Amino acid sequence: MAVVGVLALQGSYNEHMAALRRIGVRGVEVRKPEQLLGVDSLIIPGGESTTMAKLANYHNLFPALREFVGGGKPVWGTCAGLIFLANKAVGQKTGGQELVGGLDCTVHRNFFGSQLQSFETELSVPKLSEKEGGNNTCRGVFIRAPAILEVGPDVEILADCPVPADRPSITISFGEGTEKCIQKIG
């Protein structure tokens, strides 16, 4: 039986462990580098990405996480996990945070705003019904959520979310004088 590791530093790791138990999959909480040796795939859950990065540094997890991701094993990151897996992040606090990398994309932390600006919406995900049958929509929950701003040529986009009408346009600096303006859709 495949063993799924769940990075258990902070955030929603308990919920992921419970979901794995419900579907009969063996999950292992990962807090130390050596615990990655016994897992076949990894979930990096949502949480507070800056806190998770500080704890990962404290436990010297970044080299092992990079090796795991670079080894081609399946890795899924939600919210803060997405930020961890991105090759580049913008909209970070001064000094930024360390990233694992491996996902050829640029993310923007807290793109959708504060906790008060959080929202839920139905997302069209045609691949769901193509691969699994049934409904082709999925409920998206955006709580201080990051956004993927750019992807590399080998990244397949499964769904997208229009920027809410009440979200102002933003300009993002990518350094060296390059900027990108993202307009609200509405």
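Biologist: What share of the 186 residues in the chain is made up of buried residues?

Modeller: Buried residues account for 39% of the 186 residues in this predicted model. The chain's secondary structure comes to 5 helices and 11 strands.

Biologist: Let's take one residue. Why is Ser49 called buried?

Modeller: The name buried goes to residues under 20% relative accessible area. Ser49 has 3%, so Ser49 is buried.

Biologist: And where is Ser49 found?

Modeller: Ser49 is found in helix H2, which covers residues 49-58. Leaving aside neighbours within four places in sequence, Ser49 is in contact with Ala80, Ile83, Phe84, Gln97 and Arg109.

Biologist: What makes the pair Ser49 and Arg109 a polar contact?

Modeller: A polar contact needs a pair of N or O atoms within 3.5 Å, with one able to donate a hydrogen and the other able to accept it. The side chains of Ser49 and Arg109 make such a contact at 3.1 Å.

Biologist: Which other residues of H2 are buried?

Modeller: Besides Ser49, the buried residues of H2 are Thr50, Met52, Ala53 and Ala56.

Biologist: How do you know that the buried residues line one face of the helix?

Modeller: Look down the axis of H2: the buried residues fall within an arc of 160°, so they line one face. On the other side of H2 you will find Lys54 and Tyr58, which are exposed.

Biologist: What do the buried residues of H2 pack against?

Modeller: Their partners are strand E1 (3-7), strand E3 (41-44), helix H3 (62-70) and helix H4 (80-85).

Biologist: What can I look for at the start of H2, and what just after H2?

Modeller: At the start, a side-chain oxygen of Glu48 reaches to within 2.9 Å of the backbone nitrogen of Thr50. Just after the helix, Asn60 takes a positive phi of about 55°.

Biologist: Now to a sheet. What is the order of the strands in the open sheet of 3 strands?

Modeller: The order is E5-E6-E9, and the pairing is mixed.

Biologist: What makes E5 and E9 stand at the edges?

Modeller: Strand E5 (86-90) and strand E9 (147-151) each have a single partner strand, so one side of each is left without a neighbour in the sheet. From one strand to the next, the twist averages 30°.

Biologist: How do you know that E5 pairs with E6?

Modeller: Two strands pair if there are at least two bridges between them. Strand E5 is joined to strand E6 (residues 103-108) by 4 bridges, so the two count as paired, and they run parallel. As an example, Ala89 has Val107 in E6 as its bridge partner.

Biologist: Which residues is Glu122 in contact with, leaving aside its neighbours within four places in sequence?

Modeller: Glu122 is in contact with Thr137, Cys138 and Arg139. The side chains of Glu122 and Thr137 are joined by a polar contact of 3.4 Å. Another polar contact, of 3.2 Å, links the side chain of Glu122 with that of Arg139. Glu122 and Arg139 are 17 residues apart in sequence, while their C-alpha atoms are 4.6 Å apart in space.

Methods. Residues are numbered from 1 along each chain as its sequence is written. This is a predicted model: local features need pLDDT of at least 70, side-chain atom pairs count only at pLDDT 80 or more; totals for chains, interfaces and linings use all residues. Side-chain values use heavy atoms; hydrogens and water are left out. Buried means under 20% relative accessible area, exposed over 50%, partly exposed in between (1.4 Å probe, protein chains only). Contact means heavy atoms within 4.5 Å. Axes are lines fitted to C-alpha atoms, for helices over the stretch in contact, and angles run from 0 to 180 degrees between N-to-C directions. The arc is that of the directions from the helix axis to the C-beta atoms.
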